[in-house]
Amino acid sequence: MSAGFPHQHLLSIDQLDATEVTQILDAAAAFIEVSRRPVRKVPTLRGKTVINMFFEASTRTRTSFELAGKRLSADVVNISGSGSSLSKGESLLDTCRTVAAMQPDIVVIRHSASGAPQFVAQRLECSVVNGGDGAHEHPTQALLDAFAIRQALGTLSGLKVAICGDISHSRVARSNAALLRLFGSEVRFCAPRTLMPSRAETLGVKVFHRLDDALEGADVIMLLRIQRERLEGPLIPSLREYSRVYGVSQHHLELASERAIVMHPGPMNRGVEIHPALADSDRSLVLDQVEAGVAVRMAVLYLLSRGISAETVAQAARDGG
Ligand code: CP
């Protein structure tokens, strides 16, 4: 695609290597300063158009993509499932063709169907970013998590990362496992057997069913919510029973490494997978993850639309665009 960033789309962590992930994180490190200024705007994407197509609920991803585009001075338009002609029966393909006729530079799509962003990318000429597809991938979530981990622990290499919760329905777990393995970190999945994908080991992770075993020596504890909207049938006895066995509280930190940090992609079910006191503790990175989300999405929009090097991004942020 370009000399700086060699991809037209961002659909999956699997398409990236460690150098490209680092390129995105370094660009985000430059852009995070823009969000901390009194005037949070640079003119770098003036004249570009970003369309956010969110056909599933979202607070963090949709808002941060919108802010990311606006802070870069792009024109940003949001389409939701209920507010679009999809609710009148228009197909995803016809919706995509309609959007393409408006000449966007980048389309960000979230959809309940795994593979929907790939389907769209094959049919539009513009760049497409996966904002979360079914239980498949959420690449910008993994990138912002990596940014927050690197900021807190100084590295993405050689870590023990315990990802605990509803793994089988989690696109966050898959994307994080793929990214962290690029840097040689050990990824542990922990869930009851009913919420663990079959053959999870083929993702290159260690599989645990006992929380205490998964947390032993962990540098990062990443908690996932029970995805009630995707649960079919009685996969857990009750939320209370799940919380009793798999809920993480501050006392669990004694099992983990001394520097252990606690993460959650949100939205949190307080009192289910995470005790409220732990969510609000100084070991929690939950709000750092949200802040990182804007910066990482600025970096992704910038690199995809401009296709220039991370050094140039840093210079653009220093110069105010
Ligand atoms: N983490 C995440 O994707 O949150 P939203 O569903 O609010 O976008």
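Author: A helix is taken here as a DSSP run of H or I with at least four residues, and helices are numbered from the N terminus. The model is a predicted one. The cut-off for a salt bridge is a side-chain nitrogen of Lys or Arg within 4 Å of a carboxyl oxygen of Asp or Glu. By this rule the model has 13 salt bridges.

E66 has 16% and so is buried, whereas K70, at 34%, is partly exposed.

A second pair links two strands. K206 and E186 form a salt bridge with an N to O distance of 3.3 Å. Because K206 sits in strand 7 (residues 206–208) and E186 in strand 6 (residues 186–190), this pair ties together parts that are 20 residues apart in sequence. K206 is partly exposed at 44% relative accessibility, and E186 is partly exposed at 23%.

D219 is in the loop between helix 7 (211–215) and strand 8 (220–223), and R259 is in the loop between helix 8 (239–246) and strand 9 (261–263), so the pair ties together parts that are 40 residues apart in sequence. D219 is buried, at 8% relative accessibility, while R259 is partly exposed, at 41%. Elsewhere, salt bridges with shared partners join E33, R36 and E291 into one network.

Next, the helix packing. The axes of helix 1 (residues 18–31) and helix 5 (residues 139–153) come within 10 Å and cross at roughly 70°. Angles of 65 to 115 degrees count as roughly perpendicular, and helix 1 and helix 5 are therefore roughly perpendicular to each other. Their crossing is right-handed. On the helix 1 side, the contact is made by V21, T22, I24, L25, D26, A28 and A29; helix 5 supplies L143, A146, F147 and R150. By class, this contact has eight nonpolar residues, one polar residue and two charged residues.

Last, the backbone. Most residues other than glycine have a negative phi, and most peptide bonds are trans. Q103, which is not a glycine, has a positive phi of about 60°. Q103 lies in the loop between helix 3 (92–100) and strand 3 (106–111), and at 60% relative accessibility it counts as exposed. R199 also has a positive phi, near 60°. R199 is in the loop between strand 6 and strand 7 and is exposed, with a relative accessible area of 64%. The peptide bond joining G266 and P267 is cis, with omega about -10°. P267 is in the loop between strand 9 and helix 9 (276–279).

Methods. Residues are numbered from 1 along each chain as its sequence is written. This is a predicted model: local features need pLDDT of at least 70, side-chain atom pairs count only at pLDDT 80 or more; totals for chains, interfaces and linings use all residues. Side-chain values use heavy atoms; hydrogens and water are left out. Axes are lines fitted to C-alpha atoms, for helices over the stretch in contact, and angles run from 0 to 180 degrees between N-to-C directions. Angles under 35 degrees count as roughly parallel, over 145 as roughly antiparallel, 65 to 115 as roughly perpendicular and the rest as oblique. A crossing is left-handed if the near helix is turned anticlockwise from the far one by less than a right angle, and right-handed if clockwise. Contact means heavy atoms within 4.5 Å. Ala, Val, Leu, Ile, Met, Phe, Trp, Tyr, Cys and Pro count as nonpolar, Asp, Glu, Lys and Arg as charged, and the others, Gly among them, as polar. Buried means under 20% relative accessible area, exposed over 50%, partly exposed in between (1.4 Å probe, protein chains only).
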